[in-house]
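Please look at the sequence and the fold before reading on.

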Amino acid sequence: MLTSILQKLIVLIVGVLFLISVALIYFRSKNVNRAERTQIFKTAEYLNAWILLVCFITTMVYGIFNHVELKKSVHAIISLNYSEASQALNSNGTRYNMAEIISDEVVDRAIKKGALKDVTVKQLKNCLVVYPCVQGGVGDESQYHISTEFAVEYHASKDTAHLDSENVIKLITAAYKEYYIEKYTDNFKLDTEKPDFAKMEYMDIVAYFDKETMSILNYLYGMAEKNPSFVTANNTTFNSIAGKVYQFKETQINQNLRSLILQNGIVRKQYEYVDRLSYQNTNVDFDRQKNDVSYNLCNQAIAMYSEEMTRVVLVPTWDQAGKYYMGRTKVGVDELSVMATNFSNYVASNEKEIMDNNLVINKISSGNQSAELYASADSLIDSIYNSIKGFEKEAIGAGREYSSHKMNQCIAVTIYGISIMDELKTLVVFAAFAYVTFMLRHISKKFPKKA
């Protein structure tokens, strides 16, 4: 703040001195004739040592204050290089909002990321400005324009004068990239709160773990399909992480935990759980009967078709190139065959579910439910839960690392700090102005006050 005042004060003093000198020369020039006036200007010492020295000192002082002020301001250009940007959209198809670049969440993230001291989100945000580099109009279609480049300016205030300006703008743009990746790119997260396993049946816990691990696997398989060759900083790929999760699912959940529960018939509320499984079997059997009836109906309909109708049917057809050929067309029996196959699969799935439930019922009805087994099962459950959370963290980390790698190509940031050439140009202009001012002041003294 002080340097800004002193910088403006120097310019003001030189400017006032310039006006005074011009005014003195104008009014005193009336006291001499034209020849004398010309003679005064010709005989002026334009290379006066004192004038050059004062001009040099004044310019250097101004240059120091100007440099300090310029260091307080810096700007960056954020360029969006993905296809949706030209439609004012984020990479996930939602509406793009440039105000998020300096939002409270981004500024707070930047402060924490850089461990900035003695500054609040509000104070830092008041120093930031964002606007599109190229703005369109609404007058007619020729003025329509969607900007894909946005300028972010930082101008230090008295509350943020202790911060390095270039470091601040770097933190803001880096925080915005992280914010954008987490909000608008591929993201994945399981349940944040740990379930109360003490209130869940053990087989329900197995099903819960199966669901959680399948969610992780589906996410990893999806990311691997996008870029199977991507390698993280830990030298892992999406497929390698998925392999670990799948192996863990098969061994720890399906073999160790499930086998421990079934072989020993571990259950919290035996009669209630048996009733629930029996009720499920009743509902599933009802679905099985419907699917079985549908399967038989499809087979009966197929049997009603004559043999001649089920042969290959050829019809005259034109291809895209305009060539004539005989194309095979489907008949009703084709659709019925597909439907029969689907209903058969449904019946098999229903029967398997019923058999699985009956197996659980038989096991827990004759199990050895000792306190040691419960403690062993509970310990294994906690261990499996912690491992799943570890896999979740690893999967999310790999996904965000890939998104960051992808966004580094889609969101480019260019930071513009102090330009030495611009600073030198400013000094040259000020030095010339100061020299003219001091020279005019020196010349004004040679004009007589009165005729």
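Across which strands does helix 6 lie? Helix 6 (residues 165–184) lies across strand 1, strand 2, strand 3 (149–155) and strand 6, with contact meaning heavy atoms within 4.5 Å, and helix 6 runs at about 25° to strand 1, where axes are lines fitted to C-alpha atoms, for helices over the stretch in contact, and angles run from 0 to 180 degrees between N-to-C directions. This is a predicted model, in which local features need pLDDT of at least 70, side-chain atom pairs count only at pLDDT 80 or more, and totals for chains, interfaces and linings use all residues. Residues are numbered from 1 along each chain as its sequence is written, and side-chain values use heavy atoms, with hydrogens and water left out.

**The sheet**
- Four strands form an open sheet in the order 2-3-1-6 with antiparallel pairing, where strands (E, at least two residues) and helices (H or I, at least four) are DSSP runs numbered from the N terminus, and two strands pair if DSSP finds at least two bridges between them.
- Strand 2 (128–132) and strand 6 (411–416) stand at the edges with a single partner strand each, so one side of each has no neighbour in the sheet.
- Strand 1 (residues 73–80) pairs with strand 6 over six bridges in the antiparallel sense, and V413 in strand 6 is the bridge partner of I78.

**Helix 9**
- Among the buried residues of helix 9 are Y273, L277 and N281, where buried means under 20% relative accessible area, exposed over 50% and partly exposed in between (1.4 Å probe, protein chains only).
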